[in-house]
Amino acid sequence: MTTEQRRLAAILVADVVGYSKLVGADEAGTLAKLQTLRSEIIEPAIARHSGRLFKAVGDGFLVEFASAVEAVNYA
């Protein structure tokens, strides 16, 4: 007999608009800016809202929030 465990979570899927065009124009600069954006803005915001970045590929991010309320809390 297996016990089924359910959880409710909010999932954020995000990517950078125009990423391919930006990389085509300046690959090194775009990658550096994305890394800065990720470390200074994205990851701290995820942490403030008790989220977990579980996948990052190129310009895309998947983030899980165990609480939908925490995910949108502006306090």
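Colleague: In strand 3, which residue is the bridge partner of lysine 55?

Modeller: In this predicted model, lysine 55 has leucine 62 of strand 3 as its bridge partner. Strand 3 comprises residues 60-65 and pairs with strand 2 in the antiparallel sense, over six bridges.

Colleague: What is the order of the strands in the open sheet?

Modeller: The sheet has three strands in the order 1-3-2, and the pairing is antiparallel. Strand 1 (10-15) and strand 2 each have a single partner strand and stand at the edges, so one side of each lacks a neighbour in the sheet. On average, neighbouring strands of this sheet are turned by 20° against each other, direction ignored.

Colleague: Which strands does helix 2 lie across?

Modeller: Helix 2 lies across strand 2 and strand 3, and runs at about 155° to strand 2.

Colleague: Which residues make the nonpolar surface patch?

Modeller: Ile11, Val13 and Phe54 make this patch of about 300 Å². Phenylalanine 54 belongs to strand 2. With a relative accessible area of 37%, phenylalanine 54 is partly exposed.

Note on methods: Residues numbered from 1 in each chain as written. Predicted model: local features only at pLDDT ≥ 70, side-chain atom pairs only at ≥ 80, totals over all residues. Heavy atoms only, no water. Pairing = 2+ DSSP bridges. Helix = DSSP H or I, 4+ residues; strand = E, 2+ residues; numbered from the N terminus. Axes fitted to C-alpha atoms, helices over the stretch in contact; angles between N-to-C directions. Contact = heavy atoms within 4.5 Å. Patch = residues over 30% accessible without salt bridge, like charges linked within 9 Å, V, L, I, M, F, W, Y side chains within 5 Å. Areas by Shrake-Rupley, 256 points an atom, 1.4 Å probe, with all protein chains shown as cover. Salt bridge = Lys/Arg side-chain N within 4 Å of Asp/Glu carboxyl O. Buried < 20%, exposed > 50% of the residue type's maximum accessible area, 1.4 Å probe, protein only.
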